[in-house]
Amino acid sequence: MSGFRSRSRRSVQQEKEQAKRRQRVERPAREERPDVDEPRLAAFDVLTQVREEDAYANLVLPKMLRQRGIRGRDAAFATEITYGTLRTLGVLDAVIDAASTRPVENIDPALLDALRLGAYQVLYTRVEPHAAVDTTVRLVAEKVKGFANGLMRTLTRSSRESWLAKAAPKGEVPELAFRHAHPTWIAESFARTIGIGELGAALEADSERPKVHLAARPGEMSAEELALITGGEEGKYSPYAVYLDGGDPGALEPVRQGLAAVQDEGSQLIARAVVQAPIEGEDTGRWLDLCAGPGGKAALMGALARIDGARVDAVEIAPHRAQLVAQLTDGLPVDVHVADGKKSGLKPGYDRILVDAPCSGLGALRRRPEARWRKQESDIAELSVLQFELLSAAYELLRPGGTVVYSTCSPDLRETREVVDRAVRELGAEELDAHPLVPGMSDVGFEKSVQMWPHRHGTDAMFFAVLRKPVT
């Protein structure tokens, strides 16, 4: 099943090349589809860009809606069917495969995009079946209209539950993964951390629209002031957090003026933990963010450093991301270095270090609807090697008695506990209890580290642990 089963990079590339070869004959140009309504046409065009160009829907769709003047209810409908289709991609492919006279992997990619969009409307929305069928047929090339019409009509003859029951794989975890629109390997990863009892809730939270989290910049504005100005609600755990139900946070005056920033509450807590973690001896004010891009945590650390009279070195290997860090930390005591965190060339002796390591991003799947179907489990082995290398480099830069906070936006044990346990075992690091650094937050795991979850805490599924270098 294309989409639901994990595909190799080679097969994904082959599909893209095949799609480009067929594009002219299988997908009509926009001017040849004048009778397709604008919301569905926009959704279809976004699906095409996501598939052919590896585009991110949450970046492409808003821009397209603005450019085409799609507003109000039409914009909301386009958003629902675009994100919904991408989020449930594997389920849709499995259902289409079950309803089709040909295997789904043999269906032309452009035609498959139209069928996915139509199937989502039939299975998950209140769109009238005849409208879903008719508009799907209008989206495709003339020579495949008959096939599209027949398949869509087949889908409308049974309920969603019937199709899901027919297409679902066997086994408790695979079936839970399928019904909550996740690849099985991701569900298995979550289950190893949270257990089977909460797995359904954890997977379901990945499909819910997250609230917007703002961070009031310490020393500039309080969370209470930010909430009053924006009409938001003060956060539960971070003293800087404010929740918004929606809207464009970039248009808010405090954000435009640099008095606040868009930042998940979990990220705020991790940056704060770096500054609050207990150290032995005097804090000389040498702090380090070893993997700083795009700069949210570095900015919060910088604001706190300004209050404490400290200074932060921020390391980022990618020049364009380093530029983002520089922009976000402008005016703060932060020095940005374009360097590889594994061999930064910085002088050892730091009191506090953050290693917010590159990771699979499994903890933030709710923010990018297509992400769950793009990720490969095979990437995690390579990432865990890099994560330990970065943590080892940070440990070398840490002074005796200093602390390093290791964090990832992933709950996968291979990226979290296994890396930390290896650091304790091989580097001689002492793990400290991180729970006191998130006061008021419960159910963060039985280890000394902290594991957050969307369904428990409303944050991304972020992890952090605190390691101290013993004084010899």
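**A guided tour of the predicted model**

Begin by selecting E225, whose place is in helix α13; helices here are DSSP runs of H or I with at least four residues, strands are runs of E with at least two, and both are numbered from the N terminus. This is a predicted model in which local features need pLDDT of at least 70 and side-chain atom pairs count only at pLDDT 80 or more, while totals for chains, interfaces and linings use all residues. Residues are numbered from 1 along each chain as its sequence is written, and side-chain values use heavy atoms, with hydrogens and water left out.

With a relative accessible area of 41%, E225 is partly exposed; buried means under 20% relative accessible area, exposed over 50%, and partly exposed in between (1.4 Å probe, protein chains only). Two elements, α13 (223–230) and β2 (233–234), each give two or more residues to the negative patch.

Now centre on E233, in strand β2. E233 is partly exposed, at a relative accessible area of 43%. Draw a C-alpha to C-alpha distance from E233 to A310: the two are 31 Å apart in space and 77 residues apart in sequence.

**The domains**

Colour the protein chain by its domain assignment: domain 1 (38–164), domain 2 (172–207), domain 3 (210–262) and domain 4 (265–469). These bounds come from an automatic or database domain assignment. Between the C-alpha centres of domain 1 and domain 3 the separation is 36 Å.

**Backbone features in loops**

Select D54 next, in the loop between α2 (38–53) and α3 (57–67). Its phi is near 55°, a positive value in a residue other than glycine. D54 counts as partly exposed, at 38% relative accessibility.

Move to D443, found in the loop between β10 (430–432) and β11 (450–451). Here too phi is positive, near 55°, in a residue other than glycine. D443 counts as exposed because its relative accessibility is 52%.

Finish at P294, in the loop between β5 (286–289) and α16 (296–308). The peptide bond from G293 to P294 is cis, and omega is near 5°.
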